[in-house]
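Good morning, and thank you for making time for this presentation. I would ask you to keep the sequence and the structure in view while I speak.

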Amino acid sequence: KRMVDAVIGHFASRDQTRAPTLTIDVTAEKLENGHLSSGIYCNGNPERRAPRLSALGPLIKAALWASAINAFDFILDLHAGVVGESGRCVLLPAAAGSGKSSLTAALTHAGLGYYSDEVALIERSSFRVFPVPLAVCVKSTGWELMSRFFSELPALPIHRRNDGKLVRYVPPRAVQNEPARVSHIFFPLYCKDAPTQLIPVPRADALARLMDQCLALRL
């Protein structure tokens, strides 16, 4: 429970009047190598298996994330950070390692509201972006940098994702509850020791870059 709460505990609700749309059950088995293996079941169906306790949280997050997104009527699912205020938001689409999460954290720390650090769901009818306030995922390579924005980071549990990377999850702050219209799009690109620059991108190139980070498109 501690490892799962560290990833999705901030979604806890005191509203017990609604029937759940998804029930996740977890079984545990002690292996000969000493690790605690966990079976993950969604609505009674086997979904995934965590070979060790440190892998459980990321897999639970993935199961919850997939169920929530599939239940939403989106037209685009973009891999992007999203921050904003007053009904407007900024998209930060970028591949892993581009500095997307750290830029999202810095902008939130500076006073903007948090929508997500990794997913922008574009509603079909209005083209508004809805909040998907997943915990901020911080890879081990970014722990020192991100500790500037999250002082509690060094004390948080360490998780191992399916790709083998060690990560910590930080409950988000300044979470937004209402959808917003996109006012700007920035494409973060981290280059070590390079100066900070803002370079305008032609619309055609921007569209191509945006679609490079499109995880799903519904017609």
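This is a predicted model: local features need pLDDT of at least 70, side-chain atom pairs count only at pLDDT 80 or more; totals for chains, interfaces and linings use all residues.

Which residue in S13 is the bridge partner of Arg88? The partner is Arg181.

Residues are numbered from 1 along each chain as its sequence is written, and side-chain values use heavy atoms, with hydrogens and water left out.

As to confidence, pLDDT is the predictor's own score for each residue, from 0 to 100. Its mean over the chain is 93, and 100% of the residues reach 70 or more. Strand S14 (residues 214–217) has the lowest confidence in the chain, with a mean of 92, while strand S6 (residues 88–93) has the highest, at 97.

Let me return to the sheet with which I began. Four strands form an open sheet in the order S7-S5-S6-S13, and their pairing is mixed. Two strands are said to pair if DSSP finds at least two bridges between them. At the edges are strand S7 (113–116) and strand S13 (181–185), each of which pairs on one side only. From one strand to the next, the twist averages 30°. Axes are lines fitted to C-alpha atoms, for helices over the stretch in contact, and angles run from 0 to 180 degrees between N-to-C directions. S6 and S13 run parallel and are joined by four bridges. Helix H3 (residues 100–109) packs on this sheet, where it touches strand S5 (80–85), S6 and S7, and its direction makes about 10° with that of S5. Touching, or contact, means heavy atoms within 4.5 Å.

Val129, in strand S9 (residues 129–130), touches residues including Val82, Cys89, Leu91, Tyr115 and Val182, not counting residues up to four places away in sequence. Is Val129 buried or exposed? Its relative accessibility is 0%, so Val129 counts as buried. The cut-offs are under 20% relative accessible area for buried, over 50% for exposed, and partly exposed in between, with a 1.4 Å probe and protein chains only.

S10 is joined by four bridges to strand S12 (residues 166–170), and the two run antiparallel. Cys137 has Tyr169 in S12 as its bridge partner.

How many disulfides does the model contain? The count is zero, a disulfide being a pair of cysteine sulfur atoms within 2.5 Å. For Cys137, the nearest cysteine sulfur is that of Cys42, 19 Å away. Cys137 counts as buried because its relative accessibility is 9%, whereas Cys191, at 41%, counts as partly exposed.

Both Cys137 and Tyr169 are among the contacts of Lys61, as are Val7, Ile8, Glu118, Leu134 and Ala135, leaving aside neighbours within four places in sequence. Lys61 lies in helix H2. Why does Lys61 count as buried? It does so because its relative accessible area is 6%.

Helix H2 itself (residues 56–70) has 15 residues, and at 1.5 Å a residue it should span 21 Å; its end C-alpha atoms are 21 Å apart, so the two values agree. The expected span is 1.5 Å times one less than the number of residues. Other buried residues of H2 include Leu56, Trp65 and Ile69.

Ile69 is in turn one of the contacts of Asp77, together with Val119, Ala120 and Cys214, among others, again leaving aside neighbours within four places in sequence. Asp77 lies in strand S4 (residues 74–78) and is buried, with a relative accessible area of 7%.

Finally, a note on backbone angles. Most residues other than glycine have a negative phi. Phe127, in the loop between strand S8 (120–123) and S9, has a positive phi near 65°. Asp193, in the loop between S13 and helix H5 (203–212), also has a positive phi, of about 65°. Asp193 is exposed, with a relative accessible area of 74%.
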